[in-house]
Amino acid sequence: MKQLLISLQIVFCFTLLSHAQNKTGEAQVRSKHFNVNSSGLAIEGYDPVAYFSGKPQKGNATISFFYDGITYRFSSAANLILFKASPEKYEPAYGGWCAYAMGSSGEKVEVDPETFKIVNGELYLFYNAYFNNT
């Protein structure tokens with residue numbers, strides 16, 4: 001009986017370790033597909049929750065959250081709480097790349113974090129520079 005318990009504990013530990021390694025691998029793959037800077041910061045530091053109130057706001061470096069390989073900043077602790085409760089609701093579509101370019105050709109084009117649209121509860125960001133506002 002004691003050997004069985006030890007065996008089950010070992011299997012459980014390996015399962016947890018395997019799961020942790022998979023999550024780390026998934027986060028690395030995910031961060032490669034998201035529009036983030038070299039330190040993994042998304043939306044140039046803008047608060048993803050603030051868009052849903054109609055006005056993009058820069059997040060505060062002291063109110064940050066690392067979610068599956070991506071770092072987000074928030075303008076308030078309340079917005080951080082909302083994001084933690086439902087990150088999939090607030091993350092930008094297409095990994096934060098220009099929604100027009102991704103929808104048209106799948107091309108990853110940088111965005112202007114203040115050029116956005118909320119459609120059916122989803123955040124879309126767009127390129128806006130050099131007299132070209134998608």
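Trainee: On what basis are residues numbered, and which confidence limits apply?
Mentor: Residues are numbered from 1 along each chain as its sequence is written, and side-chain values use heavy atoms, with hydrogens and water left out. Because the model is predicted, local features need pLDDT of at least 70 and side-chain atom pairs count only at pLDDT 80 or more, while totals for chains, interfaces and linings use all residues.

Trainee: How many helices and strands are there in the chain?
Mentor: Helices (H or I, at least four residues) and strands (E, at least two) are DSSP runs, numbered from the N terminus. From that end, the elements run α-β-β-α-α-α-β-β-β-β. The chain therefore holds 4 helices and 6 strands.

Trainee: What percentage of the residues of the chain count as buried?
Mentor: Buried means under 20% relative accessible area, exposed over 50%, and partly exposed in between (1.4 Å probe, protein chains only). Of the 134 residues of the chain, the buried ones make up 35%.

Trainee: How many residues of S4 are buried?
Mentor: Tyr124, whose place is in strand S4, is buried, with a relative accessible area of 18%. S4 is mostly covered, and of its 5 residues the number buried is 4.

Trainee: What is the bridge partner of Asp112 in S4?
Mentor: Two strands pair if DSSP finds at least two bridges between them. Strand S3 (residues 112-119) and S4 run antiparallel and are joined by 5 bridges. They form a hairpin with 2 residues between them, and Asn120 in the turn has a positive phi of about 50°. For Asp112, the bridge partner in S4 is Phe126.

Trainee: Which residues of H2 are buried, and within what arc do they fall?
Mentor: In H2, Asn79, Leu80 and Phe83 are buried. On the other side of H2, Ile81 and Ala85 are exposed. What covers the buried residues includes S1, S2 and helix H3 (87-90). The arc is that of the directions from the helix axis to the C-beta atoms; seen down the axis of H2, the buried residues line one face of the helix because they fall within an arc of 100°.

Trainee: Why is the pair of Tyr67 and Phe83 edge-to-face?
Mentor: Rings of Phe, Tyr and Trp (its six-membered ring) pair if their centres lie within 6.5 Å; planes under 30 degrees apart count as stacked, over 60 as edge-to-face and the rest as tilted. The structure holds 8 aromatic pairs; Phe65 and Tyr67 form a stacked one, 6.4 Å centre to centre with 20° between the planes. The rings of Tyr67 and Phe83 have their centres 5.9 Å apart, and the pair is edge-to-face because their planes are at 90°.

Trainee: Which residues form one aromatic cluster?
Mentor: Phe83 is buried, with a relative accessible area of 0%, whereas Phe65 is partly exposed, with 22%. Both belong to one aromatic cluster, formed by Phe65, Tyr67, Tyr72, Phe74 and Phe83.

Trainee: Which backbone oxygen does the side chain of Asn35 reach?
Mentor: Asn35 lies in the loop between helix H1 (2-33) and strand S1 (60-67), and counts as buried at 10% relative accessibility. A polar contact is a pair of N or O atoms within 3.5 Å; within protein, one must be able to donate a hydrogen and the other to accept it, and residues adjacent in sequence count only if both atoms are side-chain atoms. At 3.1 Å, the side chain of Asn35 reaches the backbone oxygen of Gly96.

Trainee: What distance separates the C-alpha atoms of Val49 and Tyr90?
Mentor: Val49 also lies in the loop between H1 and S1, and at 5% relative accessibility it counts as buried. Contact means heavy atoms within 4.5 Å; not counting residues up to four places away in sequence, Val49 touches Phe74, Asn79, Leu82, Phe83 and Tyr90. Val49 and Tyr90 are 41 residues apart along the chain, and their C-alpha atoms are separated by 5.8 Å.
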